[in-house]
Every structure is written in C-alpha cells, then in structure tokens.
Amino acid sequence: MFIRNAWYIAAWANEVNDKPLARRILNEPIVLFRGKDGKAAALIDRCCHRAAPLSLGKVTDVGLECGYHGLTFDCAGQCVAVPGQDKIPQKARVRSYPLVEKDEFLWIWMGDPEKADMATIIDYPFHNDYKKWPHKHGLYHVKCSYMLLVDNLMDLTHIGYIHGKTIGGNPMTHVKADMVTTPTEHGLKFTRWMPDSVPPPSYLKAVPFEGNVDRWQEFEFIAPTSILQWSGAIDTGKGARDNRDQPGFSLRLYHGLTPETETSTFYFWSTANGYQQEDPLATELLYQEIGKAFLEDKEVVEDQQARINELGEDGLVDIVSDRARIHMRRTVDRMLAEESRN
Amino acid sequence: MFIRNAWYIAAWANEVNDKPLARRILNEPIVLFRGKDGKAAALIDRCCHRAAPLSLGKVTDVGLECGYHGLTFDCAGQCVAVPGQDKIPQKARVRSYPLVEKDEFLWIWMGDPEKADMATIIDYPFHNDYKKWPHKHGLYHVKCSYMLLVDNLMDLTHIGYIHGKTIGGNPMTHVKADMVTTPTEHGLKFTRWMPDSVPPPSYLKAVPFEGNVDRWQEFEFIAPTSILQWSGAIDTGKGARDNRDQPGFSLRLYHGLTPETETSTFYFWSTANGYQQEDPLATELLYQEIGKAFLEDKEVVEDQQARINELGEDGLVDIVSDRARIHMRRTVDRMLAEESRN
Amino acid sequence: MFIRNAWYIAAWANEVNDKPLARRILNEPIVLFRGKDGKAAALIDRCCHRAAPLSLGKVTDVGLECGYHGLTFDCAGQCVAVPGQDKIPQKARVRSYPLVEKDEFLWIWMGDPEKADMATIIDYPFHNDYKKWPHKHGLYHVKCSYMLLVDNLMDLTHIGYIHGKTIGGNPMTHVKADMVTTPTEHGLKFTRWMPDSVPPPSYLKAVPFEGNVDRWQEFEFIAPTSILQWSGAIDTGKGARDNRDQPGFSLRLYHGLTPETETSTFYFWSTANGYQQEDPLATELLYQEIGKAFLEDKEVVEDQQARINELGEDGLVDIVSDRARIHMRRTVDRMLAEESRN
C-alpha cells in the first residue's frame with residue numbers, strides 16, 4: 001500500500017531529456033520526457049492504441065510519438081495526432097501526472113491531481129548553491145521496501161556495525177550518542193552528538209584530524225520519503241556544540257526514497273561538501289565515500305527484505321534505539337489511514 | 001486459450017532428425033524425432049514410467065528409448081519395450097500427435113486426432129521451387145502472444161515507424177498506401193500499393209533503384225497462425241500495377257506463428273528471392289535484411305506484451321488502420337467460440 | 001510435506017567455522033556457526049529485532065552478533081546483548097535447532113526438540129577410518145525433490161542408460177542383475193550381483209582389469225534421506241560371491257539427501273577408496289569419477305522434476321524394476337502419516 005497523495009522524486013532533472021525515460025513509480029509504469037520547449041512531463045507508459053510502451057517512441061514538435069504506429073500525445077496526455085486520419089477519437093488520451101522541476105529534482109504526484117499543491121514540495125536550497133554546497137548526486141536501485149530504507153536512517157546505531165570501513169567507527173560510540181528528538185508537522189528531527197570520539201575512515205580521508213572529534217548528525221524526516229541530513233565533526237576542545245561554524249568536516253545529504261514496487265526503491269541521494277568548497281576533488285571524494293557507505297546499507301536491507309518476504313514481521317522485538325523509527329512509522333501509518341478514509 | 005483443432009508448424013523439417021528435439025507447443029511439452037525409417041513423429045515429452053523427458057533419450061531401431069530406464073515407444077506412443085520384463089503393462093503408452101511433413105514444414109495437430117484432416121494443411125509450393133524462389137528460413141523465439149505478431153502484420157502502418165533502417169522509409173508513405181481488403185474463407189487478403197515512393201534501405205541494398213518505385217504488399221492471413229506475403233517494387237513509370245512480371249524487386253515471406261505459451265511464440269519465417277534467383281548472395285542478403293527487420297518487430301511486441309500483462313487491454317482505442325486487424329481478430333474469436341461449443 | 005522429526009545432514013563438519021553459514025533446510029532459513037569454544041550451533045537465520053539475516057553477522061566471545069544493530073545470541077538462541085540497554089527484552093530470542101557433530105557430518109533436528117534422540121543418528125564409522133577407507137566428500141545442489149534422488153538410487157537399472165561413460169556399461173547387465181532385497185527396521189537393503197560382466201569405464205580407470213568381473217552393489221536405505229553403498233568388482237573366476245576380501249575394486253559411498261525446499265536438495269556425498277588405500281591419487285580419481293556420475297544423475301532428475309512440476313505424476317506406470325523404490329516410498333509415506341497423526 002502506498003501513500004498516493006504525496007510528491008515523490010521521479011528523477012534527477014538532468015536524467016530527463018528529449019529521449020523518453022521509462023521508470024516505474026508506485027508500481028505504475030511511467031514515461032518521463034521533455035518536450036521541445038524543455039518542459040518535463042510524465043505520462044503513463046502505455047499507448048492507448050495498442051498498449052506499446054510510449055518510452056519506445058520519440059519526442060516531436062507536437063509531443064511524444066508512439067514508436068509503433070505513430071500516435072502522438074502532448075504533455076497533458078491528450079492525443080494530438082493519429083496517422084492516417086484527421087479526426088482524433090475522443091477517448092484517445094493517456095493519463096498524465098503532475099510533474100514539477102525544483103532544486104534539481106523532478107517531483108511527481110501520483111494521486112488525485114486536484115490535490116497536487118506545489119507549495120508542499122520540500123525546499124532544498126543547497127542544490128542551487130554550488131558555491132557554498134558544491135555537490136554531486138547518485139541513484140541506487142534497492143530491492144527492498146522504501147520503508148526499510150527509512151527505518152535504516154532512523155536508527156543510526158547501525159552505523160558502527162555496517163559501516164566500519166567508511167563512516168562507522170566504534171559501534172559503542174554510536175550506541176551511546178547523545179540524542180534529542182523533536183516531532184515536526186511532517187515527521188521528526190533528531191540531533192545526535194558523539195563528543196570526543198574517534199573519527200571514522202571516511203572522515204579521515206576528507207580531513208586529517210589529528211585527534212578525537214566532536215561529531216554530530218542532524219536528521220530530518222519529512223514524510224513520506226525524504227530525509228535531510230547535516231553531519232560533521234570538529235576537533236574536540238573547540239566548543240563544537242556551541243559553534244559549528246569552524247574548520248572541520250561537514251556535509252549535507254539528501255535521501256529521497258521513491259517506491260518502485262512494494263519491495264523495490266529508487267534511492268536518490270546527493271552529497272554536498274561543506275568543508276572544502278573550493279576543491280572539486282574533495283567534492284568527488286565525498287561522493288565516492290558516501291556512495292560506498294550506501295552500498296553497505298543496500299546489501300543489508302535487501303537481505304532483510306528477503307527474510308521479511310518469507311517470514312513476515314511477526315514476533316519482532318523493539319529495542320530502545322528504535323524510538324525515532326517507531327515515531328516515523330506512526331507518521332506514515334497515520335497518512336495511510338487518513339488517505340484510505342478519504 | 002488456444003484453438004486446438006488446427007494445424008500448427010511444429011518445426012522446420014530439417015530441424016528434426018534422429019536426435020530428439022524438445023519443443024513446447026500450445027503449452028504442452030512435445031518431443032519431435034525421426035524413426036530409423038526417416039518418418040517424423042511427435043509424442044508428449046514425458047515418459048509414462050517416471051516422468052523423465054523422452055527428449056533426453058535416443059532413437060533406436062524400434063522407437064524412442066527413454067534415457068532414464070530404457071522404456072521404448074513407437075511413433076504412435078505405444079510402449080514397445082520395458083527392460084527387464086517381457087510383458088508390457090497395458091497402460092504403458094504416451095500421447096502421440098498427428099504430424100505431417102509438407103513444404104519443408106512439420107505440421108502438428110494439437111486437438112482431437114479424429115478431426116485431423118491433412119487436406120486442410122496450407123499449400124506453400126514456393127518452398128519446393130528452389131529455381132524460381134530460392135529461399136532460406138529462420139526461427140525466432142518471441143516473448144509475446146502469437147496474436148500480437150499477427151496484429152503486427154495486419155496493420156502495416158507500423159513499418160514506417162519501426163523499420164526505418166530496413167524495410168521502412170517515410171512513415172506517411174505507408175500510412176497513405178492504397179489498400180484493398182478481401183475476406184476469404186479462412187481469413188482475409190489485402191493488397192497495398194505505394195506508387196511513386198522512395199525505396200527503403202533494404203530494397204536499395206537488393207536492387208540499385210535510381211528513382212522512385214511503385215511498391216506493393218500482398219498479404220494473406222490464413223487462420224489461425226499463417227501469413228503469406230508477396231512484396232516488391234518496380235521503377236515508377238513502368239506500369240507495375242498492370243504487370244508485376246518485370247525486372248525490379250520481389251520477395252515472398254512465410255510467417256508461421258506457433259504458440260509456445262499464452263505469452264510466447266515460435267516465429268517460423270522464410271524469405272524467398274524472386275528478383276535475382278541465380279545469385280545465392282542475393283538470397284542470403286535478403287534473408288539477413290528480413291531477419292533484421294523481424295528483430296525490430298520482436299523488440300516492440302515483447303514490450304507491448306509486458307504492458308498488456310500488467311495493465312490489460314481495457315480502454316484501448318481502435319483507429320482507422322486497425323481495420324484488417326479487427327477482421328482477423330474476429331475470425332480467430334469465431335474459431336475459438338466454435339471450438340468451445342463442441 | 002517434510003518429515004520433521006528426523007535427523008538431517010545440515011553440513012559437512014568442515015564447512016562450518018566462526019564465519020556464519022546460511023543454509024535453507026526443509027524450507028527454513030538456518031544459520032550455522034561455531035562459537036569460540038568450537039561447538040557448532042544452528043539458529044533460525046532471522047534476527048528477532050529487525051529481521052536481518054544473522055548470517056550477515058559475526059561470532060563474538062558471547063555468541064552470534066547481528067550485523068545490523070548488534071544484538072547477540074547464544075547457541076540456544078537466547079539474546080545475551082542489546083547495544084544501548086542493560087535490560088534484555090524477555091521475548092528477545094530466536095529459534096535454535098539441535099545440532100550434533102558426528103562422523104564428519106553436522107546433523108540437525110528440524111522437528112520437536114524434545115524428540116531429538118542422538119542415539120538414532122546413523123553410524124558411519126568409515127568417515128573416521130582414513131587408513132582403511134581414505135575418502136573425500138562433495139556437495140551438490142540439485143533442483144529436485146529429495147525423493148527423486150532416493151528413487152534414483154533404488155532402481156539401479158538406470159545406471160546403464162545414464163552412466164554409460166562412467167559407472168555404467170551395458171544396460172542389460174544392470175537390468176539382469178541378480179538382486180536380493182531385505183526390509184529393515186528403517187528402510188531396506190539390497191544386494192545386486194552382475195557376474196561375468198564387462199567392467200565400466202570408471203572401474204577400468206581405477207583398476208586395469210584384463211577381463212570380465214563379478215560386480216556387486218550393496219545398498220542400504222535408512223529413512224528418510226540416507227543411502228549407504230558398498231560396491232566393487234573382482235576378476236571373474238575368483239569366487240567373489242564367497243569372498244570379497246580379495247584384490248580388485250571396492251568403494252563405499254554415502255548419499256545424504258537433505259531437502260532445501262520441496263523441489264531442491266542438498267546432495268551430500270562421500271567416496272571412500274577401499275582398493276588402493278595407500279595411494280592418494282586413487283582416492284582423488286575415485287572422487288572425480290563418482291562426482292562426474294552424480295552430475296549425470298543431476299541432469300536427468302532435474303528435468304524429471306520439471307515435468308512433474310508441470311504435469312504431475314498421475315498416470316505413471318510402475319515396472320518390475322521399481323520394486324525397491326516402491327518399498328522405500330511406502331516407508332517414507334508411513335513416516336509422514338505417522339507424524340501427521342501426532
């Protein structure tokens with residue numbers, strides 16, 4: 001079951017051009033493309049004539065032309081040309097989806113188009129700020145429910161166990177982090193501090209810390225599928241908790257988790273370099289390291305999904321570190337319940 | 001649902017020899033082989049002893065010997081030998097299927113054997129005429145219902161869209177072709193003329209036309225699964241419509257579409273060279289070009305099948321160019337309805 | 001349907017060490033590992049916290065630590081550590097399975113633990129006797145029900161048909177073997193003699209017989225999944241039937257067939273060299289030859305399973321050589337019926 005009345009990331013804006021792109025979202029086959037005017041559009045990826053995927057077609061001056069018999073559709077899904085006849089059958093149209101380009105994302109609305117309010121799309125100004133937050137983005141296809149990836153990000157005690165070679169470090173440091181959680185209108189925020197801790201391998205590759213650091217993780221979950229992260233570290237003894245605007249390590253991550261099916265997810269992620277902005281190599285290195293860490297997550301959550309597929313979730317036991325995760329799940333369940341009532 | 005009381009192409013005659021060949025037809029596992037006398041036979045591909053596939057066995061002087069414990073079956077499916085015992089159990093037999101070798105095809109009858117009338121097998125004399133119609137044949141496995149492949153051949157406006165690099169050319173030439181359709185006892189015929197048109201790439205490879213051509217396509221659909229094609233082109237201005245017996249380009253194609261399963265098909269096809277009969281290279285080139293064009297079809301219809309599997313065919317809209325296709329579908333539906341009544 | 005109250009081979013003892021091993025048995029995901037004390041244990045391969053496979057974790061001083069959030073379980077499945085909290089939730093435990101190491105096997109009990117009686121585990125002293133029975137072992141994954149592999153070993157007339165290149169030879173030799181079958185408490189035994197027969201290729205590779213041999217096969221089926229085999233050959237004319245303690249060829253095989261799923265099996269097999277004990281190359285050669293022969297079986301039984309999956313077993317006809325097989329099947333059916341009554 002999916003929340004339908006919500007904005008989902010359909011693609012990175014630069015993935016979509018005049019060559020149609022097929023992508024399954026909330027288990028519907030979608031075709032994304034840009035018209036000759038550069039505006040991006042999303043249609044159901046099935047021609048209304050003989051069901052051929054429109055993504056096999058091409059963009060013409062008047063719209064997206066089916067590659068089988070040449071019917072053409074505009075960005076609203078209206079058929080505007082049928083080869084061999086002047087009259088367009090009245091029913092010749094395909095479903096279109098609201099699609100908005102913002103902050104390097106293409107956001108799609110899978111629910112009732114009347115309810116699609118652009119004002120509710122998340123702001124992520126860092127994607128427009130290449131000077132202060134130079135960044136790169138990636139996309140992973142993960143064979144698990146998007147919920148398991150959100151779960152993963154709501155219980156950071158996993159970092160010491162899964163990410164020992166990258167962003168992890170001593171498991172106990174993460175287990176004992178000082179954590180403050182705050183509910184928000186659309187989810188929750190939490191901040192975690194690991195004072196006087198050993199910097200993990202990825203941090204050391206970025207900055208040659210000589211001793212321990214005060215390390216922080218700020219996470220905001222915005223239902224149903226976005227997590228905004230700001231993390232970093234400053235030499236212990238510099239008063240990081242009172243002032244994070246000091247030399248050290250700092251990054252911003254966007255985690256956007258778009259369901260492909262009930263058990264597979266597109267993981268849109270970006271890494272922004274907040275510590276050595278003038279150095280493109282630092283931006284690249286950060287991207288590589290985080291990309292590696294996310295592959296470590298991918299392996300575990302895919303195996304977790306396989307077990308859940310087989311044995312379900314009955315009998316699972318919550319522990320103390322699940323607190324934020326449970327809050328997140330309740331938020332999502334509430335949205336689902338609300339949508340099914342309407 | 002399949003039409004069972006009909007002849008289907010089981011194999012090219014030269015595919016079958018004394019090494020058994022496993023092939024699924026109408027979703028039944030069949031083994032094809034030739035006895036020592038050279039006669040081809042078809043049995044269900046399951047030994048009646050322990051269910052091993054008979055296609056793992058070998059042909060002996062008395063029949064097809066199971067490769068597991070040596071039971072042997074004659075061409076009628078009767079068990080004729082059980083190692084270790086003289087008495088053959090009465091129930092020891094496997095289903096056999098009427099099989100007829102004709103015009104380089106092996107035709108199988110999947111329905112009630114009593115109704116199998118050899119006289120109703122299609123004549124295709126061109127396969128026996130290597131002098132006037134030198135030819136080659138191919139076999140493609142296509143992951144779609146055979147109906148989608150028949151559909152494909154009943155609406156030739158697709159040629160301009162799919163086959164631009166081979167037999168296509170300007171889409172509008174095909175859309176505007178002058179078409180005459182005639183119902184027949186077992187399907188329909190149609191003839192299409194594209195006068196004064198640009199010859200497509202494959203035609204130009206075959207014949208160095210210097211200007212436009214008058215191009216024709218003659219198709220006959222014989223239910224449920226055969227399409228016989230004669231196509232060609234002659235320099236514009238030579239009066240092709242009144243006399244096609246002039247130098248130019250001409251080919252005959254057999255399209256035989258045998259269901260493997262509800263959503264996969266064996267596409268038996270042959271290409272006969274009617275324009276440069278004395279040149280084996282011309283025959284080979286024609287075969288290569290048409291083989292390429294059919295792979296272009298294969299890609300589209302497989303994707304079309306995937307969409308239909310998921311979203312069904314509800315809400316699809318017919319257009320003018322569907323006329324022959326709709327007639328063909330009605331013929332097939334009538335046969336299915338008739339068979340289910342009996 | 002599986003017999004649950006029985007010992008199954010879970011692994012070769014040397015497969016399991018302090019790196020956890022995932023293996024599906026009777027369609028349950030199991031993790032096998034050795035604690036720091038060297039004792040092997042078996043748990044369900046699902047953490048009771050978030051369902052991650054425990055096989056992704058690692059062995060610590062106190063047990064098996066989950067690789068996701070660090071919960072740790074002892075050999076009995078009791079959770080002994082939850083990072084970040086002192087109190088272990090009462091329900092935090094996972095299922096454990098009785099596991100016994102004996103004769104180079106790890107035997108697992110998949111049923112009611114109260115009924116697990118170590119005294120009923122099969123004795124196979126040859127695995128502990130490297131002097132008289134030097135041996136090697138293998139493991140094949142076979143995509144068929146374990147019953148088809150037991151079937152295979154209960155009707156040895158297949159040897160001439162399947163194993164012509166290895167242990168086979170003239171099919172009629174096997175069909176006409178002199179066979180005596182004896183029911184036992186837990187299955188059956190049979191002995192087959194093929195006097196004055198041509199030694200098959202694998203035998204000739206092992207021993208340069210100059211003429212015919214008297215060849216024997218002694219098989220014991222111990223329900224539900226073990227077959228113990230002693231086979232060999234001695235020059236004809238030496239009175240082999242009265243005295244097999246003469247120079248010639250002799251081997252012991254263990255066939256242990258553990259269901260992975262209803263239609264896949266782990267085939268644990270060992271080959272013991274009883275004819276040239278002082279020569280490691282002879283032991284190796286024997287292992288290679290038998291390994292080849294079992295791959296010949298694997299091919300046939302997998303295809304047999306595919307047919308049975310599709311067409312079932314209705315209408316199959318028993319023949320004379322099925323006698324031992326039928327006895328075996330009745331034994332297994334009786335055990336299943338008995339277990340379902342309790």
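This is a predicted model: local features need pLDDT of at least 70, side-chain atom pairs count only at pLDDT 80 or more; totals for chains, interfaces and linings use all residues.
A residue counts as partly exposed when its relative accessible area falls between the buried class, under 20%, and the exposed class, over 50%. C:E310, at 31% relative accessible area, is therefore partly exposed.

**Where chain B meets chain A**

- Chain B brings 31 residues to this contact, and chain A brings 28.
- Together the two chains bury about 2,300 Å², with 57% of that on carbon and sulfur atoms.
- On the chain B side, B:Y161, B:R307 and B:V317 lose the most area to chain A, and together they make up 29% of what that side buries.
- Four salt bridges run between chain B and chain A, and there are eleven residue pairs in polar contact, both residues at pLDDT 80 or more.
- Several helices of chain B give two or more residues to the side that touches chain A, among them α1 (146-154), α2 (158-162) and α3 (171-175).
- The largest share of that side comes from α5(B), with nine residues.
- Sorted by class, the chain B side has 13 nonpolar, six polar and twelve charged residues.

**Where chain C meets chain A**

- Here 27 residues of chain C touch 31 residues of chain A.
- About 2,300 Å² gets buried between chain C and chain A, 57% of it on carbon and sulfur atoms.
- C:R46, C:R50 and C:Y68 lose the most area on the chain C side, together 33% of what that side buries.
- Chain C and chain A have four salt bridges between them.
- One to look at joins C:R50 and A:D151, at 2.8 Å from N to O.
- The polar contacts between chain C and chain A come to eleven residue pairs, both residues at pLDDT 80 or more.
- The chain C side splits into 14 nonpolar, seven polar and six charged residues.

**Salt bridges worth a look**

- Over all chains, the whole structure holds 60 salt bridges.
- C:E310 pairs up with B:R24, their closest N and O atoms 2.6 Å apart.
- That pair crosses between chains, going from helix α5 (residues 280-311) of chain C to strand β2 (residues 21-25) of chain B.
- B:R24 is partly exposed too, at 21% relative accessibility.
- Inside chain B, B:K298 and B:E302 form a salt bridge with closest N and O atoms 2.9 Å apart.
- Because B:K298 and B:E302 sit four residues apart in helix α5 of chain B, about one helical turn separates them, and both residues are buried.
- In chain C, C:R329 bridges to C:D151, with 2.7 Å between the closest N and O atoms.
- C:R329 lies in helix α6 and C:D151 in helix α1 of chain C, so this pair ties together parts 178 residues apart in sequence.
- C:D151 is buried, at 4% relative accessible area.

**Strands in chain C**

- Strand β16 (residues 226-235) has nine of its ten residues buried, so the rest of the structure largely encloses it.
- β15 (residues 213-222) runs antiparallel to β16(C), joined by ten bridges, and a hairpin of three residues links the two.
- Across that pairing, C:R215 stands opposite C:A233.
- β16(C) also pairs with β17 (residues 249-261), again antiparallel, over eight bridges.
- There, C:L228 has C:Y254 as its bridge partner.

Conventions: Residues are numbered from 1 along each chain as its sequence is written. Chains are lettered from A and ligands numbered from 1 in the order in which they are written. Side-chain values use heavy atoms; hydrogens and water are left out. Contact means heavy atoms within 4.5 Å. Buried area is the accessible area (1.4 Å probe) that two parts lose on being put together, summed over both. A salt bridge is a side-chain nitrogen of Lys or Arg within 4 Å of a carboxyl oxygen of Asp or Glu. A polar contact is a pair of N or O atoms within 3.5 Å; within protein, one must be able to donate a hydrogen and the other to accept it, and residues adjacent in sequence count only if both atoms are side-chain atoms. Ala, Val, Leu, Ile, Met, Phe, Trp, Tyr, Cys and Pro count as nonpolar, Asp, Glu, Lys and Arg as charged, and the others, Gly among them, as polar. Buried means under 20% relative accessible area, exposed over 50%, partly exposed in between (1.4 Å probe, protein chains only). Two strands pair if DSSP finds at least two bridges between them.
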